[in-house]
Amino acid sequence: MSAAAAPRLKTSAMIASFAEPGQKTAAAPFGHALVKAARENDRIVGLTADLGKYTDMHIFAQAFPERFFQMGMAEQLLVGAAAGLAQTGLVPFASTYSVFAARRAYDFLCLDSAEPNLNVNIVGGLPGLTTGYGPSHQATEDMAIFRGMPNLTIVDPCDSVDIEQAVPQLAASDGPTYLRLLRGNVPTVLDEYGYTFELGKAKVLRGGNDVVFVSSGLMTMRALQAARALAAHNVDVAVVHAPTIKPFDTATVLAELNTDRLAVTLENHSVVGGLFETVASAVVTAGLGKRVVSVALPDEFLDAGALPTLHDRYGLSVQRIVAKVLAELG
Amino acid sequence: MATTQELHEVGRMPGETATDRAERVGSAAYRIRHHALTMGEVQGQGYVGQALGAADMLAAVYTDQLRFRADQPDWEGRDRFLLSTGHYAIGHYAALAEAGLIAVEELDTYGSDDSRLPMSGMSTYTPGMEISGGSLGHGLAIAVGMALGLRHRGSEARIYNFLSDGELDEGSTWEAAMGAHHHRLGNLTAMVDINALQADGKTDTVLRTEPVADKWEAFGWYTQRVDGNDVGALLAAFDNAAAQAAAVGRPSVILCDTKVGRGVPLLENREKAHFMRIEDHEWRLCRQQLSAGYEGKAAR
């Protein structure tokens, strides 16, 4: 198809799914997982800052109206109140967009929940580049902001499988957590890999002799797709999925990186302060002397537009990943 | 807004007259002030002026309002007192000692290495300290969550949040004020220490917060403004809040006009500063003035 005949891509809706046409998906996996966990644990409560419908929290609110608290468009209150709820023995899940959680409410999560190590679970929608609305809504540096916070666990799930399995584990873990939410119709990917989510663990999804991908979030889906595409070029790619960014499973990842294979990290996040730097610091600390190639968003404020356009522009598309790997392999 | 004159007085302890009650709380306030001066001298510095100003508020809460078990600081049924203004910890520790939650002797460790009593109050350090204040504007948001959580769990416990007028600069305070009204948190009482002073100077020159009462009323709170150094007025305000606001699910605020350095004329009349410097030779004089004033009042 020529460029002239291509349909003009429009700015994706705020809540656009990044699932591809025909891809297997699950609807609102976070909301349903929270309801399921709440049936088994009556201390779980939910709250949001006027974004219930857009973070799949509305599923919980409908199932447990008496355990749901609407805090209004007031993120500092949302996060401060979550700490207060936790101090009474409840297990709050508080949802907003990642930009607001990280940029507006940081001090409240840090001092009110992280310092006393309370079981407060922050659920951030639109992490990284998952909206075409531009820098006001694109949380391209959320992990960079949050990684410096002591006690905070950070989870960057790939798909509906990750989310469904992560939610009860986040509820059961003692300290504060931050979940990078994928909402709406979320792709189901990892069910084909005999995979289970374990908080704090990285998993090898497939082996490969030439290249090793270390990825998190939706970029694990792209890593798996790119691995299949690279097979057609006779490039054999291993994929390691590291959904828990902090605390990081250094042992599993370093064991995979300590080979002659080309090492590539893939993340839906700025190249500053996310998975790449987490891996790089682990490599340097271990004295591996290993080069690591980064697939990540640039250290820039990104454009508004349609997600497929933007993912391709900034190097997150399968096509761009494949091209980058082939170039690296010469 | 209810005025001091309109407040009715109800003795909290059976058989106790209003006068006896005020004297009981007033004597606690006197000891709190003494403790604060002692801690200030040990450290050679500190927010002594604020502690002296807020001593009556702290005494009213800790010796007349809060339900707690001194030997079991984390008793689930306790009322919660949340100190937003972490730098007022010196006064709060004095109140905790007066309430028996920590030993009076421990006050000597204030601000020292490895002490449980750091300069800025932290929940992870001190028994009876519910939150880590200091980053202002946090307390009321946490209080809203606590009030929701305790009500959800069927607890009768009440939440008291201590704020300062400078803290009203923080937007998060007003987010929380809206939230408390929206959720009808009758189990929440805010106490605002209006000493009209903040870090860079007088409140009305830093960022005008007046008309403070109108603001709280507009946010839906049951609002009273009293002389925060008049124990009788403070107690009446608490009684009134319980009768008029808590019963109908309305959060309550008691705006307390206080005087920095209250009880020690040397400090009351000194040029007001957020961080008051007291020379080594002045501590003894401060204590003498405090005692003389209290005993003089008692004799009247």
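Visitor: With which residue does the side chain of A:Ser160 make a side-chain polar contact?
Guide: The two side chains meet at 2.7 Å. A polar contact is a pair of N or O atoms within 3.5 Å; within protein, one must be able to donate a hydrogen and the other to accept it, and residues adjacent in sequence count only if both atoms are side-chain atoms. The partner of A:Ser160 is A:Thr188.

Visitor: What kind of model is this?
Guide: Residues are numbered from 1 along each chain as its sequence is written, chains are lettered from A and ligands numbered from 1 in the order in which they are written, and side-chain values use heavy atoms, leaving out hydrogens and water. Local features need pLDDT of at least 70, side-chain atom pairs count only at pLDDT 80 or more, and totals for chains, interfaces and linings use all residues, this being a predicted model.

Visitor: Is A:Ser160 buried or exposed?
Guide: A:Ser160 sits in helix α7 of chain A, residues 160–172; helices (H or I, at least four residues) and strands (E, at least two) are DSSP runs, numbered from the N terminus. Setting aside neighbours within four places in sequence, A:Ser160 is in contact (heavy atoms within 4.5 Å) with residues including A:Ala26, A:Pro29 and A:Val186. Buried means under 20% relative accessible area, exposed over 50%, and partly exposed in between, with a 1.4 Å probe and protein chains only. The relative accessible area of A:Ser160 is 1%, so this residue is buried.

Visitor: Which residue forms a salt bridge with A:Arg180?
Guide: A:Arg180 lies in strand β7 of chain A, residues 177–180, and is buried at 0% relative accessibility. A salt bridge is a side-chain nitrogen of Lys or Arg within 4 Å of a carboxyl oxygen of Asp or Glu. Another side chain, that of A:Asp156, makes a polar contact with A:Arg180 at 3.2 Å. The salt bridge itself, at 2.9 Å from N to O, is with A:Asp142.

Visitor: How far apart in sequence are the parts that this pair ties together?
Guide: A:Asp142 is also buried, with a relative accessible area of 1%. A:Asp142 is in helix α6 and A:Arg180 in strand β7 of chain A, so the parts tied together are apart in sequence by 38 residues.

Visitor: How many salt bridges does the rule find over all chains?
Guide: One of them joins B:Asp56 and B:Arg33 at 2.6 Å, and both of these residues are buried. There is also a linked network of B:Glu16, B:Arg21, B:Arg24, B:Asp64 and B:Asp239. Over all chains, the count is 24.

Visitor: Which element of chain A gives the most residues to the side that touches chain B?
Guide: Chains A and B bury about 2000 Å² between them, 60% of it on carbon and sulfur atoms. In chain A, A:Leu77, A:Gln87 and A:Thr88 lose the most area to chain B, together 27% of what that side buries. The rule finds 12 residue pairs in polar contact across the interface, both at pLDDT 80 or more. With 8 residues, the element giving the most is α3(A).

Methods: Buried area is the accessible area (1.4 Å probe) that two parts lose on being put together, summed over both.
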